Amino acid sequence: MSEERFGEFVLVRRHGDEGARHVAELALDRPKAMNAVSTEMARSIAAACEALGADRDVRVVVVTSTHERAFCVGADLKERNSFSDADLVRQRPVARGAYTGVLELPVPTIAALHGFALGGGFELALSCDLIVADRTAVVGLPEVSVGVIPGGGGTQLLPRRVGAAKAAELIFTARRVEAAEAAELGLVDQLVDAGQDRAEALTLAARIAGNSPVGLRAAKRALRLGHGLDLRAGLEVEDAAWRSVAFSGDRAEGVAAFNEKRKPQWPGE
(Lines give C-alpha, C1' and ligand atoms only; values in the text may rest on other atoms or scores of the structure.)
Protein backbone atom coordinates (compact mmCIF):
# COMPACT_ATOMS: atom_id res chain seq x y z
CA MET A 1 0.00 0.00 0.00
CA SER A 2 1.32 3.45 -0.91
CA GLU A 3 0.42 6.71 0.82
CA GLU A 4 0.50 10.32 -0.30
CA ARG A 5 -0.22 13.23 1.99
CA PHE A 6 -2.06 16.34 0.88
CA GLY A 7 -1.19 18.98 3.44
CA GLU A 8 -1.24 18.02 7.08
CA PHE A 9 -4.76 16.63 7.33
CA VAL A 10 -5.55 14.50 4.26
CA LEU A 11 -4.02 11.16 3.38
CA VAL A 12 -4.55 9.27 0.11
CA ARG A 13 -3.88 5.55 0.23
CA ARG A 14 -3.50 3.30 -2.78
CA HIS A 15 -4.04 -0.38 -2.05
CA GLY A 16 -1.65 -2.69 -3.81
CA ASP A 17 -3.44 -6.04 -3.69
CA GLU A 18 -5.10 -7.19 -6.91
CA GLY A 19 -8.69 -6.85 -5.71
CA ALA A 20 -8.29 -3.22 -4.67
CA ARG A 21 -5.57 -2.09 -7.08
CA HIS A 22 -7.83 0.55 -8.63
CA VAL A 23 -9.32 1.75 -5.34
CA ALA A 24 -8.08 4.99 -3.76
CA GLU A 25 -8.81 5.85 -0.14
CA LEU A 26 -9.12 9.51 0.81
CA ALA A 27 -8.63 9.53 4.58
CA LEU A 28 -9.56 12.54 6.71
CA ASP A 29 -6.67 12.78 9.16
CA ARG A 30 -7.10 15.59 11.66
CA PRO A 31 -7.62 13.50 14.81
CA LYS A 32 -7.01 16.25 17.36
CA ALA A 33 -10.07 18.11 16.05
CA MET A 34 -12.24 15.08 15.18
CA ASN A 35 -11.65 15.99 11.53
CA ALA A 36 -13.28 19.41 11.81
CA VAL A 37 -12.80 21.02 8.40
CA SER A 38 -10.50 24.03 8.69
CA THR A 39 -9.52 26.26 5.79
CA GLU A 40 -6.28 24.32 5.36
CA MET A 41 -8.07 20.98 5.46
CA ALA A 42 -10.64 22.15 2.91
CA ARG A 43 -7.84 23.09 0.52
CA SER A 44 -6.25 19.68 1.01
CA ILE A 45 -9.50 17.81 0.34
CA ALA A 46 -9.98 19.78 -2.89
CA ALA A 47 -6.39 19.15 -3.97
CA ALA A 48 -6.65 15.43 -3.26
CA CYS A 49 -9.89 15.21 -5.25
CA GLU A 50 -8.35 17.06 -8.18
CA ALA A 51 -5.45 14.61 -8.26
CA LEU A 52 -7.70 11.56 -7.92
CA GLY A 53 -10.09 12.76 -10.61
CA ALA A 54 -7.24 13.16 -13.06
CA ASP A 55 -5.76 9.73 -12.32
CA ARG A 56 -7.11 7.34 -14.96
CA ASP A 57 -5.94 4.37 -12.89
CA VAL A 58 -8.46 5.21 -10.15
CA ARG A 59 -11.86 3.56 -10.60
CA VAL A 60 -13.38 4.07 -7.13
CA VAL A 61 -12.68 6.46 -4.25
CA VAL A 62 -13.52 5.62 -0.62
CA VAL A 63 -13.67 8.51 1.86
CA THR A 64 -12.68 7.39 5.36
CA SER A 65 -11.54 8.76 8.71
CA THR A 66 -8.49 7.97 10.84
CA HIS A 67 -10.31 9.08 14.03
CA GLU A 68 -11.76 6.28 16.14
CA ARG A 69 -14.90 8.15 17.24
CA ALA A 70 -15.75 10.39 14.31
CA PHE A 71 -15.91 10.57 10.55
CA CYS A 72 -16.04 14.37 10.62
CA VAL A 73 -17.78 16.80 12.97
CA GLY A 74 -18.20 19.49 10.32
CA ALA A 75 -16.75 22.96 9.94
CA ASP A 76 -14.05 24.11 12.34
CA LEU A 77 -16.15 26.45 14.48
CA LYS A 78 -13.18 27.41 16.65
CA GLU A 79 -11.48 28.77 13.55
CA ARG A 80 -14.71 30.39 12.38
CA ASN A 81 -15.12 32.12 15.76
CA SER A 82 -11.97 34.14 15.04
CA PHE A 83 -13.11 35.24 11.58
CA SER A 84 -14.17 38.73 10.62
CA ASP A 85 -16.95 39.04 8.06
CA ALA A 86 -14.28 39.60 5.41
CA ASP A 87 -12.46 36.44 6.49
CA LEU A 88 -15.67 34.44 6.16
CA VAL A 89 -16.28 35.79 2.66
CA ARG A 90 -12.74 34.88 1.63
CA GLN A 91 -13.01 31.40 3.07
CA ARG A 92 -16.32 30.54 1.41
CA PRO A 93 -14.96 29.45 -2.00
CA VAL A 94 -12.24 27.45 -0.26
CA ALA A 95 -14.82 25.60 1.84
CA ARG A 96 -17.04 24.99 -1.17
CA GLY A 97 -14.08 23.58 -3.04
CA ALA A 98 -13.81 20.68 -0.60
CA TYR A 99 -17.43 19.60 -1.01
CA THR A 100 -17.61 20.13 -4.76
CA GLY A 101 -14.29 18.32 -5.06
CA VAL A 102 -15.84 15.17 -3.64
CA LEU A 103 -19.16 15.70 -5.42
CA GLU A 104 -17.56 16.14 -8.84
CA LEU A 105 -15.20 13.17 -8.71
CA PRO A 106 -15.83 11.41 -12.04
CA VAL A 107 -15.63 7.90 -10.53
CA PRO A 108 -17.93 6.13 -8.06
CA THR A 109 -17.40 7.30 -4.48
CA ILE A 110 -18.21 5.62 -1.16
CA ALA A 111 -18.19 7.21 2.30
CA ALA A 112 -17.34 5.00 5.29
CA LEU A 113 -18.95 6.42 8.44
CA HIS A 114 -18.50 5.70 12.12
CA GLY A 115 -19.13 7.92 15.10
CA PHE A 116 -20.08 11.51 14.41
CA ALA A 117 -20.78 12.64 10.85
CA LEU A 118 -22.35 16.03 11.46
CA GLY A 119 -22.84 19.20 9.47
CA GLY A 120 -20.13 19.48 6.88
CA GLY A 121 -18.99 15.98 7.78
CA PHE A 122 -22.32 14.53 6.76
CA GLU A 123 -22.29 16.74 3.67
CA LEU A 124 -18.98 15.19 2.60
CA ALA A 125 -20.71 11.80 2.90
CA LEU A 126 -23.80 13.03 1.04
CA SER A 127 -21.48 14.17 -1.77
CA CYS A 128 -20.55 10.52 -2.31
CA ASP A 129 -22.59 8.08 -4.38
CA LEU A 130 -22.94 5.51 -1.59
CA ILE A 131 -22.67 5.63 2.20
CA VAL A 132 -21.63 2.68 4.38
CA ALA A 133 -22.12 3.28 8.11
CA ASP A 134 -21.39 1.21 11.17
CA ARG A 135 -23.74 1.01 14.16
CA THR A 136 -21.91 3.75 16.07
CA ALA A 137 -22.64 6.35 13.39
CA VAL A 138 -24.58 9.49 14.26
CA VAL A 139 -25.48 11.79 11.37
CA GLY A 140 -27.19 15.12 11.06
CA LEU A 141 -27.22 18.66 9.72
CA PRO A 142 -27.33 20.88 12.84
CA GLU A 143 -26.38 24.15 11.16
CA VAL A 144 -29.55 26.11 12.01
CA SER A 145 -28.77 25.52 15.70
CA VAL A 146 -25.68 27.74 15.33
CA GLY A 147 -27.29 30.38 13.13
CA VAL A 148 -26.37 29.25 9.63
CA ILE A 149 -27.63 26.68 7.11
CA PRO A 150 -26.02 23.63 5.52
CA GLY A 151 -23.58 25.14 3.05
CA GLY A 152 -21.77 22.11 1.67
CA GLY A 153 -24.66 20.87 -0.44
CA GLY A 154 -26.89 19.57 2.34
CA THR A 155 -30.06 21.44 1.40
CA GLN A 156 -29.80 20.03 -2.12
CA LEU A 157 -28.33 16.56 -1.56
CA LEU A 158 -30.43 15.48 1.42
CA PRO A 159 -33.84 15.89 -0.28
CA ARG A 160 -32.51 13.91 -3.24
CA ARG A 161 -31.96 11.04 -0.83
CA VAL A 162 -34.99 11.19 1.45
CA GLY A 163 -37.51 13.56 -0.15
CA ALA A 164 -38.28 17.21 0.52
CA ALA A 165 -40.44 16.82 3.63
CA LYS A 166 -38.10 14.52 5.52
CA ALA A 167 -35.12 16.67 4.59
CA ALA A 168 -36.95 19.74 5.85
CA GLU A 169 -37.72 18.03 9.16
CA LEU A 170 -34.12 16.96 9.66
CA ILE A 171 -32.66 20.35 8.71
CA PHE A 172 -35.21 22.47 10.59
CA THR A 173 -34.96 20.46 13.82
CA ALA A 174 -31.15 20.11 13.57
CA ARG A 175 -31.53 16.72 15.21
CA ARG A 176 -28.95 13.98 15.26
CA VAL A 177 -29.94 10.61 13.82
CA GLU A 178 -28.43 7.38 15.09
CA ALA A 179 -27.35 4.62 12.74
CA ALA A 180 -30.41 2.35 12.84
CA GLU A 181 -32.84 5.18 12.05
CA ALA A 182 -30.43 6.60 9.49
CA ALA A 183 -30.55 3.30 7.62
CA GLU A 184 -34.36 3.16 7.84
CA LEU A 185 -34.68 6.68 6.44
CA GLY A 186 -32.17 6.11 3.64
CA LEU A 187 -29.65 8.56 5.05
CA VAL A 188 -27.10 5.77 4.68
CA ASP A 189 -27.15 2.88 2.24
CA GLN A 190 -25.54 0.02 4.14
CA LEU A 191 -25.44 -0.58 7.90
CA VAL A 192 -22.62 -2.78 9.22
CA ASP A 193 -21.27 -3.92 12.56
CA ALA A 194 -19.29 -1.50 14.69
CA GLY A 195 -15.77 -1.03 13.41
CA GLN A 196 -16.50 -2.56 10.00
CA ASP A 197 -17.41 0.52 7.97
CA ARG A 198 -14.01 1.00 6.35
CA ALA A 199 -13.48 -2.69 5.60
CA GLU A 200 -16.96 -3.10 4.12
CA ALA A 201 -16.64 0.08 2.06
CA LEU A 202 -13.28 -1.06 0.67
CA THR A 203 -14.75 -4.49 -0.15
CA LEU A 204 -17.63 -2.86 -1.99
CA ALA A 205 -15.20 -0.54 -3.77
CA ALA A 206 -13.07 -3.48 -4.93
CA ARG A 207 -16.16 -5.16 -6.35
CA ILE A 208 -17.09 -2.02 -8.26
CA ALA A 209 -13.51 -1.48 -9.43
CA GLY A 210 -13.55 -4.82 -11.22
CA ASN A 211 -15.84 -3.32 -13.83
CA SER A 212 -15.02 -1.21 -16.87
CA PRO A 213 -13.47 2.15 -15.91
CA VAL A 214 -14.97 3.72 -19.03
CA GLY A 215 -18.36 2.24 -18.16
CA LEU A 216 -18.19 3.36 -14.53
CA ARG A 217 -17.41 6.97 -15.40
CA ALA A 218 -20.12 7.09 -18.05
CA ALA A 219 -22.70 5.47 -15.76
CA LYS A 220 -21.95 8.00 -13.02
CA ARG A 221 -22.19 10.86 -15.49
CA ALA A 222 -25.60 9.62 -16.69
CA LEU A 223 -26.88 9.15 -13.14
CA ARG A 224 -25.76 12.59 -12.02
CA LEU A 225 -26.75 14.59 -15.11
CA GLY A 226 -30.06 12.82 -15.56
CA HIS A 227 -31.27 13.21 -11.99
CA GLY A 228 -34.21 15.59 -11.76
CA LEU A 229 -34.80 15.81 -15.49
CA ASP A 230 -38.04 14.68 -17.07
CA LEU A 231 -37.90 11.18 -18.54
CA ARG A 232 -37.44 12.27 -22.14
CA ALA A 233 -34.51 14.55 -21.29
CA GLY A 234 -33.04 11.93 -18.97
CA LEU A 235 -33.08 9.34 -21.73
CA GLU A 236 -31.16 11.75 -23.96
CA VAL A 237 -28.52 12.08 -21.24
CA GLU A 238 -28.34 8.29 -21.04
CA ASP A 239 -28.04 7.97 -24.81
CA ALA A 240 -25.14 10.44 -24.90
CA ALA A 241 -23.38 8.49 -22.16
CA TRP A 242 -24.04 5.21 -23.99
CA ARG A 243 -22.56 6.61 -27.21
CA SER A 244 -19.43 7.63 -25.30
CA VAL A 245 -18.76 3.98 -24.38
CA ALA A 246 -20.33 2.02 -27.25
CA PHE A 247 -17.25 2.29 -29.45
CA SER A 248 -14.64 2.15 -26.70
CA GLY A 249 -11.88 -0.37 -26.18
CA ASP A 250 -13.55 -1.37 -22.92
CA ARG A 251 -16.75 -2.30 -24.74
CA ALA A 252 -14.84 -4.42 -27.25
CA GLU A 253 -12.88 -6.14 -24.48
CA GLY A 254 -15.97 -6.71 -22.35
CA VAL A 255 -17.87 -8.42 -25.15
CA ALA A 256 -14.82 -10.49 -26.14
CA ALA A 257 -14.17 -11.58 -22.55
CA PHE A 258 -17.80 -12.57 -22.09
CA ASN A 259 -17.76 -14.73 -25.18
CA GLU A 260 -14.38 -16.25 -24.34
CA LYS A 261 -15.46 -16.90 -20.73
CA ARG A 262 -12.53 -15.05 -19.19
CA LYS A 263 -11.95 -12.07 -16.93
CA PRO A 264 -11.79 -8.77 -18.86
CA GLN A 265 -8.50 -6.91 -19.10
CA TRP A 266 -9.88 -3.41 -19.38
CA PRO A 267 -7.83 -1.01 -21.55
CA GLY A 268 -9.61 1.90 -19.84
CA GLU A 269 -10.32 3.74 -23.07
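View 1. Strands here are DSSP runs of E with at least two residues, helices are runs of H or I with at least four, and both are numbered from the N terminus. Two strands pair if DSSP finds at least two bridges between them.

Before you go on, a word on the model: residues are numbered from 1 along each chain as its sequence is written, and side-chain values use heavy atoms, leaving out hydrogens and water. Because the model is predicted, local features need pLDDT of at least 70 and side-chain atom pairs count only at pLDDT 80 or more, while totals for chains, interfaces and linings use all residues.

**View 2. Zooming in on S2 and S3.** Strand S2 (residues 10-14) pairs with strand S3 (residues 23-28) in the antiparallel sense, over 5 bridges. Look for valine 12: its bridge partner in S3 is leucine 26.

View 3. S5 and strand S7 (residues 116-118) pair in the parallel sense over 2 bridges, and cysteine 72 stands opposite alanine 117 in S7.

**View 4. Helices H9 and H10.** The axes of H9 (residues 213-226) and H10 (residues 231-246) come within 9 Å and cross at roughly 165 degrees. Axes are lines fitted to C-alpha atoms, for helices over the stretch in contact, and angles run from 0 to 180 degrees between N-to-C directions. H9 and H10 are therefore roughly antiparallel (an angle over 145 degrees). Residues in the contact (heavy atoms within 4.5 Å) include Val214 and Leu225 of H9 and Val237 and Val245 of H10.

**View 5. Helices H1 and H3.** H1 (residues 39-54) and H3 (residues 85-103) pack at an angle of about 40 degrees, with axes 8 Å apart. Among the residues making this contact are Ala42 and Cys49 of H1, and Val94 and Gly101 of H3.

Note on methods:
Angles under 35 degrees count as roughly parallel, over 145 as roughly antiparallel, 65 to 115 as roughly perpendicular and the rest as oblique.
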